[in-house]
Amino acid sequence: MRSVFLGLLIVVLALSGCAHLYKTQIHDVVYLSDSQFDQFTDGVGDVRVNGASGHPYVITQQHFQNLLAVRKRIVPAQGQYMQIALVDSDFHTLLLLSHDGKSYVAMSFDFLNIFGADEETLAAAMSHQYAHIAAGDNADVQDSREVKYFITKEIVSTGVSLVATAAGGYGAGAAIDEAKRVQDKQIEDQVNPLGMKMLLDASYSPCGYLKIQYVMEKNSAVSSALTYLYTHPGIDDRVKLSKQYLKEKNLECSNLTPDPSAGVVNKSGPVRQQ
């Protein structure tokens, strides 16, 4: 039994160090400051910024202006405007980050290049993430929840496997996965209407959700990063809310079949060394 305990202890220590593994796949982060948004409000040319690593990045004029527009129109939560970050990552699309005591709505350059030319779609994606912050489900809270999930799952499934059977361990792990799915769904059920309200209060239509869904279903092969959207629960529920609102208001969406390859031209991202 002591060996079982030691084995579980090793699992706990290992997972405590790797529960944030998915964020280690972020190569760099560009934290856009309030002063940068104030400085580049004139919309003259592309915007050059530095990542946390010091590496230079460029944000196209159109992308920056759309980010700025969304930031200005979405009602500030907790007394401050939306903080925005861009991540250089092959894995992520949308996430939350914490930096210097602030909560950031973050997106990958891949996501920005696919949807950045459409302010409406950016607003839909960003308002939902911002709603998580407003609801108290910021990056630190999410990270803590993920740590607890990974550790609990591994301890329980490993412990059952050691003292019972491998099949029992698998079943225990599956039960914890289902409990997490239910918990995530409950959080999304709370955040979805809040994000929708933020979007509508800013005089945006919810058509952006339908555009994101279209790209996910028809063009996900364009970028492997887009597959990460499938792991974030609730997109179908947000689309359902959008369609319900559009029906009630007798409204229709236009250009619901965006071409993701359009972002290949004049794209934002790392400045290539000559």
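Me: Before we look at this one, what is a disulfide?
Reply: A disulfide is a pair of cysteine sulfur atoms within 2.5 Å. In general terms, it is a covalent bond between the sulfur atoms of two cysteines. Please keep in mind that the structure above is a predicted model.

Me: How many disulfides does a search of the whole structure find?
Reply: The search finds one disulfide. It is formed by C207 and C253, whose sulfur atoms lie 1.9 Å apart.

Me: Where in the chain are C207 and C253?
Reply: The pair links distant parts of the chain, 46 residues apart. C207 belongs to helix α8 (residues 207–219), whereas C253 sits in the loop between α9 (235–248) and β7 (269–270).

Me: Is that link left-handed or right-handed?
Reply: The link of C207 and C253 is left-handed, with -85° about the S-S bond.

Me: And C207, buried or exposed?
Reply: C207 is buried, because its relative accessible area is 4% and buried means under 20%.

Me: Let's go to the strands. How do β2 and β3 pair?
Reply: Strand β2 (residues 47–50) and strand β3 (residues 56–59) pair in the antiparallel sense, over four bridges. Together they form a hairpin with five residues between them. In the turn, G54 has a positive phi of about 95°.

Me: Which residue in β3 is the bridge partner of R48?
Reply: The partner of R48 is V58. V58 also has a bridge partner in β7, namely G269.

Me: How many bridges join β3 to β7, then?
Reply: Two bridges join these strands, and β3 and β7 run antiparallel.

Me: What about S268, where is that?
Reply: S268 is found in the loop between α9 and β7. S268 counts as buried, because its relative accessibility is 3%.

Me: Which side chain does S268 make a polar contact with?
Reply: The side chain of S268 is joined to that of H63 by a polar contact of 2.7 Å.

Me: New topic: how many cavities of 30 Å³ or more are there?
Reply: A search of the whole structure finds one cavity of that kind. The largest cavity has a volume of about 40 Å³.

Me: Which residues line the largest cavity?
Reply: The lining consists of A77, Q78, Q80, Y81, M82, Q83, S103, Y130 and I133.

Key
Residues are numbered from 1 along each chain as its sequence is written. This is a predicted model: local features need pLDDT of at least 70, side-chain atom pairs count only at pLDDT 80 or more; totals for chains, interfaces and linings use all residues. Side-chain values use heavy atoms; hydrogens and water are left out. Buried means under 20% relative accessible area, exposed over 50%, partly exposed in between (1.4 Å probe, protein chains only). On a 1 Å grid over the protein atoms alone, a cavity is a set of points where a 1.4 Å probe fits but cannot get out, and a pocket is an open set with protein on both sides within 12 Å along at least five of seven lines; lining residues have an atom within 4 Å of a point. Grid points are joined across faces, edges and corners, and a volume is the space filled by probe spheres set on the points. Two strands pair if DSSP finds at least two bridges between them. A polar contact is a pair of N or O atoms within 3.5 Å; within protein, one must be able to donate a hydrogen and the other to accept it, and residues adjacent in sequence count only if both atoms are side-chain atoms.
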